[in-house]
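Open the model in your viewer and keep the sequence panel beside it. The stops below go from the whole chain to single residues.

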Amino acid sequence: MQLRDFLPRILNGDVLESFRKLDVIETNMEKREQELEQEKLALRQQLNEARQQLLQQAEYCTEMGAAVCTLLWGVSSNEEAVKNILGGSKAVKFFTITGQTMESFVRSLGEDTKHQDLDSDENQFVLALAGIVTNVAALACGREFLVNSSQVLLDTMMQLLGDMKPGLCTKLKVLILMSLYNVSINLKGLKYISESPGFIPLLWWLLNDPDTEVCLHVLRLLQSVILEPEVLAKSAPEMRDTLPFQRIIALSKSRNAELQTLAQELLEDLKILECEV
């Protein structure tokens with residue numbers, strides 16, 4: 001009887017206490033959720049601030065790089081300056097980074113690059129780097145350095161020529177082709193370039209570019225191969241089987257006098273291939 005009288009009271013007290021504890025727990029959980037939301041908001045703000053800082057730093061570095069390399073592009077036309085640059089301890093590193101930067105730039109180009117901002121810091125930065133390589137390769141000591149110490153850069157430039165679509169990035173293409181032509185003046189450099197896998201098909205593909213100057217420099221590079229007997233001997237079979245005569249004939253009738261003359265000269269030079277059949 002005593003149990004029957006007291007048990008409901010005891011149970012009711014326990015239940016009420018449980019509800020009270022549950023209410024406390026729920027209140028604590030709500031507070032914790034609010035704290036977590038506040039922490040998340042604070043972290044998102046910090047992340048956004050960090051992204052903004054990185055963006056500003058990247059823009060600054062690009063702007064500074066464009067300015068410095070443009071200045072260096074002008075300086076690199078001086079032979080003594082180039083010798084000093086190549087004699088420094090950072091020369092190899094500089095040309096390695098140059099190749100990486102050019103590659104990163106080309107990879108970053110979207111499908112629609114018709115509206116590419118040619119005056120952007122990014123574009124000026126890369127063009128200046130390519131211009132420096134062109135000037136360095138214009139000197140005998142520079143060609144020797146690039147062939148012996150920067151073959152990865154040469155490989156990268158040839159690869160990028162194949163990655164850029166016809167009619168786009170023409171200034172960069174021209175500078176790279178000028179660099180490769182300058183390197184080809186060195187016999188070792190010409191052998192290295194001409195023996196690169198896919199080199200001949202690359203030249204034929206580039207000849208389809210609608211830009212006159214691109215085609216002009218492709219023909220110059222092709223002429224370097226043809227006029228060096230030792231190099232031509234290795235390239236002749238592939239050239240003979242794949243040579244786009246019709247395209248070269250079309251270029252020989254170009255309204256551009258320089259391109260027309262070079263294409264006509266090249267057609268004469270190519271007759272040597274017929275003699276080797």
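Accessible areas come from the Shrake-Rupley method with a 1.4 Å probe, and for residues only the protein chains shown count as cover. This is a predicted model, in which local features need pLDDT of at least 70 and side-chain atom pairs count only at pLDDT 80 or more, while totals for chains, interfaces and linings use all residues. Residues are numbered from 1 along each chain as its sequence is written, and side-chain values use heavy atoms, without hydrogens and water.

Switch to cartoon. The protein chain has 14 helices and zero strands (DSSP runs numbered from the N terminus: H or I of at least four residues for helices, E of at least two for strands).

Next, select Asp23, Glu26, Glu30 and Glu33, which form a negative surface patch. Such a patch joins like charges within 9 Å, using residues with over 30% relative accessible area and no salt bridge (a side-chain nitrogen of Lys or Arg within 4 Å of a carboxyl oxygen of Asp or Glu). Asp and Glu count as negative, and each charge is placed at CG of Asp or CD of Glu. Glu30 belongs to helix H1, residues 2-75.

Now go to His217 in helix H10, residues 212-226. Is His217 buried or exposed? His217 is buried, because its relative accessible area is 7% (buried means under 20%, exposed over 50%, partly exposed in between). Beyond its neighbours within four places in sequence, His217 contacts Val174, Leu177 and Met178, with heavy atoms within 4.5 Å.

Notes
Patches are made of residues with over 30% relative accessible area and no salt bridge: like charges are joined within 9 Å, nonpolar side chains (Val, Leu, Ile, Met, Phe, Trp, Tyr) within 5 Å. Buried means under 20% relative accessible area, exposed over 50%, partly exposed in between (1.4 Å probe, protein chains only).
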